[in-house]
Amino acid sequence: MNLSTKKRLLLNAEELFRVKGYEKTTIENILKKTNIGKGTFYYYFKSKEALMDEIIDNFITSFIESAKTIVNDETLDALEKFKLLILSQTNTMDNKEWMLNELHKPENSKMHQKSITETILHFTPLLTKIVEQGIDEKSFSTKFPKETIEILLFANQYIFDTGIITFTTEEYIRKAEAFVYSMELLLGVKPSTFDYILEHFKNTLLYGGE
């Protein structure tokens with residue numbers, strides 16, 4: 001299958017960023033791997049940062065499209081959808097560890113902030129739709145489904161994004177327990193409903209997700 005020049009640029013750049021790191025990868029490295037000239041590169045992207053931005057945008061778009069499939073599956077109840085969506089998000093992020101590492105670097109703070117904003121903006125309506133379904137099914141109970149999801153997403157990002165604030169492992173585990181406890185209260189679900197989220201947090205913090 002013949003890929004477009006732009007697609008090859010994106011794929012080759014992502015591989016280089018993953019192996020060499022964003023900062024250490026030069027435009028010349030990308031040109032050589034893709035076998036194109038500078039003029040062709042600048043026809044598609046004004047800079048390396050613009051290329052990285054599109055890689056991040058494509059990643060978020062791909063994830064959101066996959067998430068929509070779960071949300072729109074009429075064979076699943078709300079709790080099943082919620083679990084599938086949360087676990088698919090964590091698995092997807094685990095597979096993009098290189099991207100997280102790059103975004104956590106101070107010099108990439110602008111891209112990091114953009115990725116956080118875009119993820120929350122796109123993820124909020126999907127989780128809100130699930131919670132609204134859960135309210136109809138009597139498995140969730142909250143007067144403010146959208147606002148509750150926003151609060152939880154922002155809190156999750158602020159507490160567990162190591163590129164923002166770093167805590168000790170013990171502090172993270174304590175905060176994870178408090179976060180999941182608060183999550184169950186705010187969404188009005190039965191106690192221990194989100195134990196799988198807490199287990200994922202602990203597994204990631206203690207064993208690096210293994």
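**Lys 138 sits in the loop between H7 and H8.** Helices here are DSSP runs (H or I, at least four residues; strands are E, at least two), numbered from the N terminus. The model is predicted, so local features need pLDDT of at least 70 and side-chain atom pairs pLDDT 80 or more, while totals for chains, interfaces and linings use all residues. Residues are numbered from 1 along each chain as its sequence is written, and side-chain values use heavy atoms, with hydrogens and water left out. Phi of Lys 138 is near 70°, a positive value in a residue other than glycine. Most residues other than glycine have a negative phi. Lys 138 has 74% relative accessibility, so the residue counts as exposed. The cut-offs are under 20% relative accessible area for buried, over 50% for exposed and partly exposed in between, with a 1.4 Å probe and protein chains only.

**Asn 35 lies in the loop between helix H2 (27-34) and helix H3 (38-44).** Asn 35 is not a glycine, yet its phi is positive, about 60°. The residue is exposed, with a relative accessible area of 69%.

From the N terminus on, the elements run α-α-α-α-α-α-α-α-α-α. The C-alpha atoms fill a box of roughly 60 × 40 × 30 Å along the principal axes. Of the 210 residues, 39% count as buried. The chain exposes about 12,300 Å², and carbon and sulfur atoms supply 53% of that area. Areas follow the Shrake-Rupley method with a 1.4 Å probe; for residues, only the protein chains shown count as cover.

**Phe 82, Leu 187 and Phe 194 touch the most other members of the largest nonpolar core, which has 56 residues.** Helix H4 (residues 48-71) gives the most to this core, with 11 residues. Such a core is a set of buried Ala, Val, Leu, Ile, Met, Phe, Trp, Tyr and Cys residues joined through side-chain atoms within 4.5 Å. Leaving aside residues up to four places away in sequence, Phe 194 touches Phe 82, Phe 140, Val 180, Met 183, Glu 184, Leu 187 and Val 189.

**Phe 41 and Tyr 42 form an edge-to-face aromatic pair.** Their rings lie 5.2 Å centre to centre, with 85° between the planes. Rings of Phe, Tyr and Trp (its six-membered ring) pair if their centres lie within 6.5 Å; planes under 30 degrees apart count as stacked, over 60 as edge-to-face and the rest as tilted. By this rule the count comes to 10 aromatic pairs. Phe 41 is buried, with a relative accessible area of 0%. Tyr 42 is partly exposed, at 43%.

**The rings of Phe 82 and Phe 140 make a tilted pair, because their centres lie 5.7 Å apart and their planes meet at 50°.** This pair links distant parts of the chain, 58 residues apart. Phe 82 belongs to helix H5 (residues 78-95), and Phe 140 to the loop between helix H7 (109-137) and H8. Both Phe 82 and Phe 140 are buried. Together with Phe 194 and Tyr 196, they form one aromatic cluster.

Thr 148 touches Thr 142, Leu 186 and Leu 187, not counting residues up to four places away in sequence.

**Gln 133 lies in helix H7.** With a relative accessible area of 18%, Gln 133 is buried. Its C-alpha atom is separated by 7.8 Å from that of Asp 77, 56 residues apart along the chain. Beyond residues up to four places away in sequence, Gln 133 touches Leu 76, Asp 77, Ala 78 and Lys 81.

**Glu 102 belongs to helix H6 (residues 97-103).** Relative accessibility is 5%, so Glu 102 counts as buried. Glu 102 and Glu 23 are 79 residues apart in sequence and 8.5 Å apart in space, C-alpha to C-alpha. Not counting residues up to four places away in sequence, Glu 102 touches Phe 17, Gly 21, Tyr 22, Glu 23, Met 52 and Asn 108.

Technical notes: Contact = heavy atoms within 4.5 Å.
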